[in-house]
Amino acid sequence: MKPVTTNAVIIGGGAAGLLCAGTAARRGLSVLVVEGRERPARKILVTGKGRCNLTNNCPPEEVQKNVCRNPKFLYSALWAFPPAETIKLFESLGVPLKTERGNRVFPVSENARDIADALVRFAQEAGAKIVQGKAEEILLEKGKAVGIRTGDGREYRGEAVVLAAGGMSYPGTGSDGSGFRLARLAGHTIVPPRGSLVPIHCAEDCCPRLAGLSLKNVTLTLKEKGKKKPLFQELGEMLFTHAGVSGPLVLSASALMDKPAGEYRLFLDMKPGLTLEQLDARMLRDFADSPNRDIGNVLGALLPRTFVTTALAAAGIPPNRKIREITREERGRLGEAIKGFPLTPAALGPVEEAVVTAGGVKVTEVDPKTMESRLVPGLYFAGEVLDIDARTGGFNLQLAFSTGHAAGMALAGG
């Protein structure tokens, strides 16, 4: 079977691969994208609950602050292709965008398919070709990357190979970890992959009872066991699950948990707008109106009803205790439970449930300006296959776009 020859072969038709393809093709290069799934950009369809939070409308230095691992590596790529360029590109492709709370950017249509289709259009209209195939091997000659071989024996040869095969999260979309295997076979070090932006399983038996409880305008704090300074503290949304907790706050906190889950503690502030003193005054006002009622019934005006029994249990107060019987000490314990409800992480959710993958190709083995391998000439990397990840808010897709653009601009042959 005769090899197909082109300037650049890109493994992976996701956000990073397609951005790279369009960028390189616009420079006059012949580009071939080899995508394992029938439809490119499948992972984009599940981002942002199907709405696609494609970037964050902020300066590049703000993106860098929200990168959890290896932020300095991304300096050149982020400044060369910051969020402003991402927004400009998609609007030029006919996708109107809007900025929501936290500077999160979404398509006005709130349909992730519009972003996926625009990326495919960007690559194809620039002249890149997309073929379906599963890359099984990166072809090396005299230590240089010269192409790939797919599972069905086809060879695609080029002056450069870009590995943009994603991580291990959402394997059904094509991010099945195969990129790590290919990079390792080419001689690169792989930082052990794990889930990032993932639900946290907790030891407390209250979680199954609270499953489905969605909370807004609460503050979640993550601390390392035995330390006072928080690793993470933010106001936002979260929810309880049968296994523990999830939601935007929890996912962001999980990205900072590099040690075993048992080394951390979570604290939930149900009333972040009130100090302990103000909360106590509020409870006194509520209690004064109902001295003969059970405290479990009165607290429903202050807390979600499904959380009342849990808060009282944490404070050691029976739900049928009459308001007039509540002591000052018990009220103090209740206030502390409401302002700092403790949760004990037992494990992070599996990588298959993660929004993104932490770990991947060791960045010290990659040129940060060009994304070219320092070990294998002609081999480039882009996106989640690298050991980079960020917090929620559109930052991870921006990293894919920025690294894809850097590789696309660096490819020779145009």
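Which residues does Pro96 touch, not counting residues up to four places away in sequence?

Analyst: A word on the source first: this is a predicted model. Now to the residue you asked about. Pro96 touches Phe106, Pro107 and Val108, with residues up to four places away in sequence left out of the count. Pro96 sits in a loop. That loop runs between helix H4 (83-92) and strand E5 (97-100). For a sense of distance, take Gly13. Gly13 and Pro96 are 83 residues apart along the chain. Their C-alpha atoms are separated by 23 Å.

Other loops deserve a look too. Start with the backbone angle phi. Most residues other than glycine have a negative phi. Ala41 has a positive phi of about 60 degrees, and it is not a glycine. Ala41 lies in the loop between strand E2 (31-35) and strand E3 (55-56). Is Ala41 buried or exposed? Its relative accessible area is 2%, under the 20% cut-off, so Ala41 is buried.

Lys142 also has a positive phi, near 55 degrees, and is a residue other than glycine. Its loop lies between strand E8 (135-141) and strand E9 (144-150). Lys142 has a relative accessible area of 92%. That is over the 50% cut-off, so Lys142 is exposed.

Next, a pair of helices. Two packed helices are described by the angle between their axes and the distance between the axes. Helix H11 covers residues 305-315, and helix H12 covers residues 328-339. They pack at an angle of about 125 degrees. Their axes are 8 Å apart.

Last, the aromatic rings. The structure holds four aromatic pairs. One of them is Tyr75 with Trp79, a stacked pair. The ring centres are 4.3 Å apart, and the planes are 20 degrees from each other. Tyr75 and Trp79 are four residues apart in helix H3 (residues 75-80), so about one helical turn separates them. Tyr75 is partly exposed, at 45% relative accessible area. Trp79 is partly exposed as well, at 35%.

Phe307 and Phe341 make an edge-to-face pair. Their ring centres are 5.2 Å apart. Their planes stand at 70 degrees, over the 60 needed, so the pair counts as edge-to-face. This pair links distant parts of the chain. Phe307 belongs to helix H11, and Phe341 to strand E17 (residues 341-343). They are 34 residues apart. Phe307 is buried, with a relative accessible area of 0%. Phe341 is buried too, at 4%. Both rings belong to one aromatic cluster, formed by Phe240, Phe307 and Phe341.

Definitions and conventions: Residues numbered from 1 in each chain as written. Predicted model: local features only at pLDDT ≥ 70, side-chain atom pairs only at ≥ 80, totals over all residues. Heavy atoms only, no water. Helix = DSSP H or I, 4+ residues; strand = E, 2+ residues; numbered from the N terminus. Contact = heavy atoms within 4.5 Å. Buried < 20%, exposed > 50% of the residue type's maximum accessible area, 1.4 Å probe, protein only. Axes fitted to C-alpha atoms, helices over the stretch in contact; angles between N-to-C directions. Phe/Tyr/Trp six-rings, centres within 6.5 Å; stacked < 30°, edge-to-face > 60°.
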